[in-house]
Amino acid sequence: MDYSPTSKSALRWTIDNLVESGDLIIIIHVQSPKSDPTNKKLFEDTGSPLIPLEEFREINVCKKYGLTPDPEVLDMLDYASRTKAAKVVAKVYWGDPREKLCDCVEDHKIDALVLGSRGLGVIKRVLLGSVSNYVVQNASCPVTVVKGPPLSKP
């Protein structure tokens, strides 16, 4: 979850199409290895402990992990928790998103992973690498890539 429109679309799609009563939703955040929040030194190798939604709402908790909560995302997570009886937690990693997403799948035995697609063009995808492409190829669970809204042409 990077709070981008495509990331939010992926969360919305997940809640509407995958989440069932009693499911566990893990919102995975991967921060830049250059960021230096309070709790990074404690959890740099393993990622944060699972942070319950109730705690994740608190600004002071988010600051410890270098995050800024997004009201729209919190509303979607509250909705899933309330209407689908899903348990919602967050997990924060620092490093390369490609590797850390795959690590999280392994560490938590995740059944399915849903990602948003940034929609990079061919050249940018070759130069920067596609997180979704890497995860689709390397994660040990099924991966769904949700395309974002089409970009408007100038």
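Q: Which residue is the bridge partner of proline 52 in β3?
A: Valine 89 is the partner of proline 52 there. Keep in mind that this is a predicted model.

Q: And how do β2 and β3 pair, parallel or antiparallel?
A: Antiparallel. Strand β2 covers residues 51-52, and two bridges link it to β3.

Q: What about β1 and β3, parallel or antiparallel?
A: Those two run parallel. Eight bridges join them, with β1 spanning residues 24-31.

Q: Which residue in β3 does isoleucine 27 stand opposite?
A: Alanine 90.

Q: Is β3 mostly covered or mostly open, and where does it sit in the chain?
A: Strand β3 takes up residues 87-94 and is mostly covered. Seven of its eight residues are buried.

Q: Where do side chains point in a regular strand?
A: They alternate between the two faces of the sheet.

Q: Switching topic. How many helices and strands are in the chain?
A: Eight helices and five strands.

Q: In what order do the elements run?
A: Starting at the N terminus, the order is α-β-α-β-α-α-α-β-α-β-α-α-β.

Q: How much of the chain is buried?
A: Of its 154 residues, 42% are buried.

Notes: Residues are numbered from 1 along each chain as its sequence is written. This is a predicted model: local features need pLDDT of at least 70, side-chain atom pairs count only at pLDDT 80 or more; totals for chains, interfaces and linings use all residues. Side-chain values use heavy atoms; hydrogens and water are left out. Buried means under 20% relative accessible area, exposed over 50%, partly exposed in between (1.4 Å probe, protein chains only). Helices (H or I, at least four residues) and strands (E, at least two) are DSSP runs, numbered from the N terminus. Two strands pair if DSSP finds at least two bridges between them.
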